[in-house]
Amino acid sequence: MKTKRRTLEDLPDNITTRLNALSLFTSTGFAQLWQEIGSVPVFWTVEQDDNILAVMPGLEGGRSFWRRFQAMPDGLYSRIWFAPDSDIDRRDILKNLMKSLCSAGYMKLYINDYYRYFEAPPGYNQLACQTSLVAISAKDWQPPDKKIQSEIRKAEREGVTVADFAIERDFDKFIVLMRQTEHRHGRVPKYPPRFFEALARLAHEDKRIRWVGVERNGETAASHIYFIDNEMVLNWQIYFNKKFSSLKPNQYILYTIARQLAAQGVQFLNLGATPSDAAGLETYKDKWGGEIYRYPCYFSKSFPGKLF
């Protein structure tokens with residue numbers, strides 16, 4: 001077996017088709033999205049006799065000795081495509097992949113192993129990560145907390161409606177809301193407007209991205225971005241105007257999306273990781289019926305990576 005770093009242009013068409021079908025997180029459109037913030041999509045393959053046995057997409061940043069790799073960024077997860085007709089043990093494929101990545105010369109390397117592909121590979125350190133999963137597949141599902149239920153009914157009485165994001169109608173108002181939200185939290189925006197514009201256009205093409213919001217009096221009260229990965233939907237980003245908190249738009253959006261996607265076969269609502277200093281947020285997730293799901297993040301740093 002040999003491992004190879006490929007770019008999008010270097011991938012065979014049949015592999016591109018299979019990556020696009022497997023998951024949003026392996027799709028080439030999703031990988032290209034991150035070029036808007038300077039990242040380079042790469043596809044690490046494990047091959048034998050000119051046959052591709054497995055592919056793990058990821059993103060590179062930096063150059064030369066300062067190159068970084070992550071699969072995937074900002075709370076997202078690594079996904080791997082395996083050739084269905086291969087008789088090679090997947091454990092051997094994964095060992096080969098991780099060994100090659102570790103020796104590829106990256107200053108920093110991170111793999112968020114939500115799907116637990118790997119078994120403590122040598123040469124890597126490990127972080128214990130966790131998120132909160134809510135089982136939503138029951139036909140009569142609703143959040144177990146009575147207060148949350150009351151807030152959802154309050155939104156219904158207020159006439160709150162959830163609409164899909166439309167770039168021509170909503171984009172400028174969203175950018176205002178995004179900047180207001182980040183300023184309220186004392187943060188510099190993670191992503192520039194061009195990233196969100198590219199994301200909105202991809203969402204129009206790929207229904208595994210759900211971007212929805214609530215509007216009131218010509219302003220965006222709340223805007224949520226969700227990523228669907230087979231039986232799970234990840235609540236990735238929430239932007240919220242506190243002026244409209246009485247409408248309970250966040251609660252109503254979350255509930256509405258859960259019910260819509262459960263009807264389409266999605267089984268779990270992933271509420272995302274909770275920062276260590278945000279105990280109140282974890283309590284809020286518990287009210288939705290969230291249960292802790294633990295997974296490892298593997299990382300490796302070169303000598304310069306340990307200094308910077």
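Start at Phe227, a buried residue with 1% relative accessibility. Buried means under 20% relative accessible area, exposed means over 50%, and partly exposed lies in between (1.4 Å probe, protein chains only). The model is predicted, so local features need pLDDT of at least 70, side-chain atom pairs count only at pLDDT 80 or more, and totals for chains, interfaces and linings use all residues. Residues are numbered from 1 along each chain as its sequence is written, and side-chain values use heavy atoms, with hydrogens and water left out.

Now look at the aromatic rings. A pair of them is described by the distance of the centres and the angle of the planes. Rings of Phe, Tyr and Trp (its six-membered ring) pair if their centres lie within 6.5 Å. Planes under 30 degrees apart count as stacked, over 60 as edge-to-face, and the rest as tilted. The structure holds 37 aromatic pairs. One of them joins Phe25 and Phe30: the centres are 5.7 Å apart and the planes stand at 45°, so this pair is tilted. Phe25 is buried, at 2% relative accessible area. Phe30 is buried as well, at 0%.

Phe25 also pairs with Phe227. Here the centres are 6.4 Å apart, the planes make an angle of 85°, and the pair is edge-to-face. What parts does this pair tie together? Phe25 lies in the loop between helix H1 (13-22) and helix H2 (28-33), and Phe227 lies in strand S10 (residues 219-229), so the pair ties together parts that are 202 residues apart in sequence. Helices (H or I, at least four residues) and strands (E, at least two) are DSSP runs, numbered from the N terminus.

Next comes a charge over a ring. Arg79 lies over the face of Tyr115, 4.3 Å from the ring centre. The rule asks for NZ of Lys or CZ of Arg within 6 Å of the ring centre and within 35 degrees of the ring normal.

Turn to the backbone. Most residues other than glycine have a negative phi, and most peptide bonds are trans. The peptide bond from Ala71 to Met72 is cis, with omega near 0°. Met72 sits in the loop between strand S4 (68-71) and strand S5 (81-82). Asp74 is found in the loop between S4 and S5 too. Its phi is positive, near 50°. Asp74 is partly exposed, with a relative accessible area of 27%.

Where is Ala120? Ala120 lies in the loop between strand S6 (108-112) and strand S7 (125-135). Its phi is positive, near 40°. Ala120 is exposed, with a relative accessible area of 53%.
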